[in-house]
Amino acid sequence: MEDLKKRIRANKLRNYLFLIIGLLATLVGLLLLCTLLIDLALDGASRLSMKFLLSFPSRFPEQAGILSAWVGSFLVLLVTALAAIPLGVATGIYLEEYGKKNWLTDIIEINIANLAGVPSIVYGLLALGLFVYFLKLGESILTGGLTLALLILPTVIMATREAIRAIPNSIREASYALGATKWQTVQWHIIPYSTGGILTGIIIGLSRAIGETAPIITVGALTFIAFLPSPPLTPEFPYFSFQWLMDPFTVMPIQMFNWVSRPQKEFQLNAAAAGLILMAMTLLMNGLAVYLRYKFRKRVKW
Amino acid sequence: MVAETIKAQTKDLNFFYGPLQVLKKINVSIPEKQVTALIGPSGCGKTTLLRCFNRMHDLYPHNRYEGEIILFPENSNIISPEMDPIEIRMRISMVFQKPNPFPKSIYENVAYGLRVRGVRDKSLLDEKVEKSLKDAALWDEVRDRIHGLAFDLSGGQQQRLCIARALATDPEIILFDEPTSALDPIATSKIEELIEELKNRVTILIVTHNMQQAARISDRTGFIMLGELVEFDKTEKIFTAPSEKLTEEYITGRFG
């Protein structure tokens with residue numbers, strides 16, 4: 001009896017020990033993130049203002065702003081989304097629902113998993129060769145967007161596949177048993193039921209893309225740019241224009257990088273303020289992903 | 001007594017999963033507008049046989065049919081490679097072991113088969129949905145919430161919804177794959193009553209692990225073991241005076 005009690009005490013002690021280790025480990029990550037945010041906020045908060053958001057970069061730190069940077073980030077991300085979503089989702093659907101399981105799909109599968117691990121600078125080099133030199137798209141928003149699309153394509157494909165795999169096979173059989181074709185099944189069941197997971201994957205991919213610096217520098221984004229891309233709507237017929245796609249650009253992390261590398265202390269503050277905004281954007285996107293996942297889970301559960 | 005018509009007939013049907021032969025020379029005739037039950041121990045191939053009738057096996061690789069399943073009156077061979085499985089599935093519908101409604105509204109579940117066939121006419125859809133739900137004895141329970149989610153129904157209601165979904169397209173045969181194995185006794189008896197009513201208008205082929213169920217609702221029973229059809233006869237005969245020793249041993253519970 002005494003032995004048993006001793007044993008239980010020892011077991012419980014070990015249990016508590018891990019509780020403490022686990023808690024500490026969790027706190028390390030959390031505290032580091034908080035410190036980072038607080039540090040950024042202490043440095044940058046004084047520079048946050050509408051004027052900061054609506055001004056172009058400048059030689060004078062107190063006049064400098066991030067207008068061209070966030071507009072650039074937004075437009076690049078728009079191109080990224082428009083390219084990566086249809087390509088990635090179509091690939092995911094094909095591989096899960098259409099592709100026969102053979103050595104070819106096995107190779108494609110392994111390659112997609114590998115692509116997710118390729119360093120982003122390598123994508124930059126590929127894009128420089130393909131989009132800038134070969135396709136002659138220039139150092140443009142289009143090039144930047146397509147480069148990031150390549151980068152997040154594996155993420156989108158894998159998220160799509162995961163989401164599709166979560167749909168029970170009995171649902172597919174129910175659809176086929178009523179005489180549906182593959183496309184009817186995909187259109188009416190597979191896509192609607194996997195939308196939550198797919199959207200989550202897309203947003204996680206985009207929130208990674210918004211912070212990417214290396215591949216964007218490689219394809220030749222500018223570090224100092226004091227004008228906006230051409231407007232998409234024009235006063236004359238046909239009232240819209242795609243010229244903006246071909247315009248030079250910069251993005252948030254490059255603007256930050258540029259300021260950090262300046263010797264003046266004031267520019268460091270600008271970098272911190274831009275960092276705060278970039279963090280806010282990323283956290284907002286991740287929050288949206290969590291919300292969407294929650295919302296769609298509630299609607300479709302198995 | 002009217003001579004009964006045959007709706008479908010298998011002729012030396014073999015089925016292979018890869019190198020493994022799952023069904024061996026099955027010869028069985030399914031009479032029209034009657035209930036035919038397939039019984040046998042787990043893994044004997046009864047579900048595999050059922051799923052040949054609507055070419056479900058075509059959805060997965062390494063499956064191969066041999067022989068014929070003739071569909072009357074036009075004498076077409078269900079499992080011939082020239083036969084389009086989609087056409088077969090439009091004429092022969094299926095109810096599965098576990099209720100598998102779509103995560104959509106009750107209405108959309110029933111209307112799905114018609115939507116697949118390109119029916120857009122709202123009033124026709126409304127009419128068909130109502131009729132099918134009535135035929136599946138579900139209408140009175142769901143009439144005021146047919147646009148509510150199918151997942152909110154109980155298991156037995158979900159299975160009757162799946163029956164309504166299978167009925168909506170006026171199939172010639174309905175295949176039931178152990179439709180009550182996931183249900184409680186009350187829900188089970190409702191489904192059994194329903195099947196007995198349905199046989200007045202449609203040919204029914206049902207796989208069941210429950211011998212009493214086969215005895216209660218079927219007109220014909222086939223006993224399958226290790227991929228072979230041991231005996232096929234009037235249900236009454238199978239359960240009272242089977243000709244094969246193996247059948248007798250199985251129905252008296254000597255193995256299972």
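This is a short tour of a two-chain model, one selection at a time.

The model is predicted, so local features need pLDDT of at least 70, side-chain atom pairs count only at pLDDT 80 or more, and totals for chains, interfaces and linings use all residues. Residues are numbered from 1 along each chain as its sequence is written, and chains are lettered from A, with ligands numbered from 1, in the order in which they are written.

**Stop 1: chain A**

Select chain A and colour by secondary structure: you will find 11 helices and 0 strands. Helices and strands here are DSSP runs (H or I, at least four residues, for a helix; E, at least two, for a strand), numbered from the N terminus.

**Stop 2: chain B**

Now switch to chain B, with its 10 helices and 10 strands. The C-alpha trace spans about 55 × 40 × 40 Å along its principal axes. For 256 residues a compact globule would have a radius of gyration near 18 Å, and chain B agrees with 18 Å. Of its residues, 46% count as buried; buried means 20 or more other C-beta atoms within 10 Å of a residue's own, exposed 12 or fewer, and partly exposed in between, with C-beta atoms placed from the backbone.

**Stop 3: the cores**

Next, select B:Phe53, B:Ala164 and B:Ile204, which have the most contacts inside the largest nonpolar core, a set of 77 residues. Such a core joins buried Ala, Val, Leu, Ile, Met, Phe, Trp, Tyr and Cys residues through C-beta atoms within 7 Å. Zoom in on B:Ala164: leaving aside residues up to four places away in sequence, it touches B:Val110, B:Ser132, B:Leu133, B:Asp135, B:Ala136 and B:Leu138. Contact means that the C-beta atoms of two residues, placed from the backbone, lie within 7 Å. Apart from this core lies another, of 58 residues, including A:Ile141, A:Ile164, A:Met256 and A:Ala272.

**Stop 4: where the chains meet**

Finally, show both chains. Which residues make the contact? It takes 18 from chain B and 16 from chain A. On the chain B side, helix H2 (85–91), strand S6 (92–95) and helix H3 (106–116) each supply at least two residues. That side divides into 11 nonpolar, 5 polar and 2 charged residues. Here Ala, Val, Leu, Ile, Met, Phe, Trp, Tyr, Cys and Pro count as nonpolar, Asp, Glu, Lys and Arg as charged, and the others, Gly among them, as polar.

Conventions. Rg over C-alpha atoms; globule rule 2.2 N^0.38 Å.
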